[in-house]
Amino acid sequence: MILRRLHLHACASRRSLASSALCGTAPRTLPSAGLLRRLHGAAGDGPSSDSDHARRPGPLTLYRNLVSQGKLTYDSYQENVASELDSLLRRLQQYEMEMEDYHAHLYIWENSREKERRRLLVEEAEDKQRDGVWIDEKRGFLDKLVTRRRRGSIEPGVGMWVSYLNREKKLDKLVGQRPVAPVAPKGLYLYGNVGSGKTMLMDMFYGATEGVIKHRRRFHFHEAMLEIHDHMHDVWKRRDDDKSVQSSAFSWISSLPFDAKIKEWLIGEEKYKQETQQKHILLAVADKFLVDRQANKTGASILCFDEIQTIDVFAVVALSGILSRLLTTGTVLVATSNKAPEDLNQDGMQRDIFLDLLSKLDENCNKILVGTEKDYRRLIPTEGSTQVHYFWPVTSDTYSMYEAMWRDITNHVGGDIISVTIPVMFGRYVHCIKHLCTSENKLD
């Protein structure tokens with residue numbers, strides 16, 4: 001039989017949760033995501049605004065409020081983490097403004113560099129067409145011989161790589177060096193025993209960053225791995241599409257007044273540039289993983305990563321490549337794990353790559369041990385609306401009890417009972433016949 005659990009507040013308020021409210025994890029006395037959202041929202045009245053976000057309580061205030069209300073048991077380790085997260089949140093407010101200014105300058109620099117790059121390419125193409133690099137078969141023997149000698153002296157033994165580097169050096173002189181990003185505040189790597197409150201504290205912080213940081217994602221390890229695979233598939237597919245001569249990336253070449261052979265050369269140079277910049281697929285995945293460039297948003301980036309693990313070789317390689325890229329480009333990481341960073345890869349898989357990841361984490365994150373020995377998930381409340389119930393075995397009686405509690409929850413919280421289809425990974429969907437739609441989890 002299936003063990004069915006209904007978590008009173010979490011199942012009533014969690015976004016896109018099926019109405020059957022079946023949860024498969026051990027009982028927790030930590031506040032639910034919905035409760036944290038309500039406590040954050042209580043700091044301001046009326047619709048959400050920038051001023052409301054500014055008045056939201058930080059992780060430390062929220063933690064102390066929960067303790068004073070009796071929803072949490074005071075824990076010095078947890079309070080210390082909440083204080084560190086509070087300090088990080090304050091630093092992020094300034095960092096967001098600095099990153100907005102940096103991205104504004106970066107946008108101008110990238111556009112200028114691309115215009116100059118195309119101008120240099122067109123100049124090279126004009127030189128090639130004028131000097132007759134490609135031979136017209138109708139020309140005489142003497143002209144062909146002279147042309148061959150010219151062609152041999154233009155780029156003797158020079159491949160695309162050298163041409164690309166020479167062009168990049170010219171661009172550095174013409175446009176200047178890339179703008180320097182501001183120094184990111186150090187993130188946090190929280191580790192400790194199961195049930196010590198790491199995820200709860202990270203979620204308090206993540207909720208407090210709403211309206212402060214534009215680019216913010218919160219992943220569980222397994223969710224992140226699925227999305228990484230999905231993005232890798234998209235990147236490979238996009239590369240195949242971009243290889244087509246009809247690709248929009250080459251549309252600017254079609255209107256140029258050059259011979260077909262010259263245009264083929266230009267397209268080849270463009271393809272080589274794309275391949276060079278996308279040589280490492282994990283870098284392309286990292287850029288897509290967190291920042292939505294199409295949304296035309298600039299600013300800082302926050303990644304909250306729950307339960308970091310290195311369960312296999314792919315996890316070691318993917319995490320190293322993606323996290324290193326994100327940290328190098330200014331993303332602030334707040335992560336949780338049951339193990340210290342140096343203990344993640346006890347099997348020694350891809351040791352050199354893993355050591356690079358450790359170096360990046362040490363450089364960009366402060367490690368904090370959440371050292372409580374208690375597993376708060378096992379402290380089941382015995383009274384009040386947060387009580388946890390199990391329904392087993394699944395009989396007509398337990399089903400009736402379950403339905404009665406569902407009705408009690410929905411009547412208490414309010415909202416509409418609807419059916420909803422939730423998209424999951426790789427084009428799959430889960431159909432929920434009952435879903436509680438409240439103002440907090442209303443679908444867009």
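This is a predicted model: local features need pLDDT of at least 70, side-chain atom pairs count only at pLDDT 80 or more; totals for chains, interfaces and linings use all residues.
A residue counts as buried here when its relative accessible area is under 20%.

**Aromatic pairs**

- There are 2 aromatic pairs in the structure.
- In one of them, the ring centres of Tyr-189 and Tyr-191 lie 6.3 Å apart with 50° between the planes, so this pair is classed as tilted.
- Tyr-189 and Tyr-191 are both buried.
- Phe-391 pairs with Tyr-402 in an edge-to-face arrangement, with the planes at 90° and the centres 5.4 Å apart.
- Strand S7 (residues 388-391) holds Phe-391 while helix H15 (residues 396-413) holds Tyr-402, so their pairing ties together parts that are 11 residues apart in sequence.

**A charge over a ring**

- Tyr-206 has the charged end of Arg-216 sitting over its ring, and the distance to the ring centre is 4.0 Å.

**A nonpolar patch on the surface**

- On the surface, a nonpolar patch is formed by Trp-161, Val-162 and Leu-165, which together have about 250 Å² of accessible area.
- One of these residues, Val-162, belongs to helix H7, which covers residues 160-175.
- Val-162 has a relative accessibility of 36%, so Val-162 counts as partly exposed.

Key
Residues are numbered from 1 along each chain as its sequence is written. Side-chain values use heavy atoms; hydrogens and water are left out. Rings of Phe, Tyr and Trp (its six-membered ring) pair if their centres lie within 6.5 Å; planes under 30 degrees apart count as stacked, over 60 as edge-to-face and the rest as tilted. Buried means under 20% relative accessible area, exposed over 50%, partly exposed in between (1.4 Å probe, protein chains only). Helices (H or I, at least four residues) and strands (E, at least two) are DSSP runs, numbered from the N terminus. A charge sits over a ring if NZ of Lys or CZ of Arg is within 6 Å of the ring centre and within 35 degrees of the ring normal. Patches are made of residues with over 30% relative accessible area and no salt bridge: like charges are joined within 9 Å, nonpolar side chains (Val, Leu, Ile, Met, Phe, Trp, Tyr) within 5 Å. Accessible areas come from the Shrake-Rupley method with a 1.4 Å probe; for residues, only the protein chains shown count as cover. A salt bridge is a side-chain nitrogen of Lys or Arg within 4 Å of a carboxyl oxygen of Asp or Glu.
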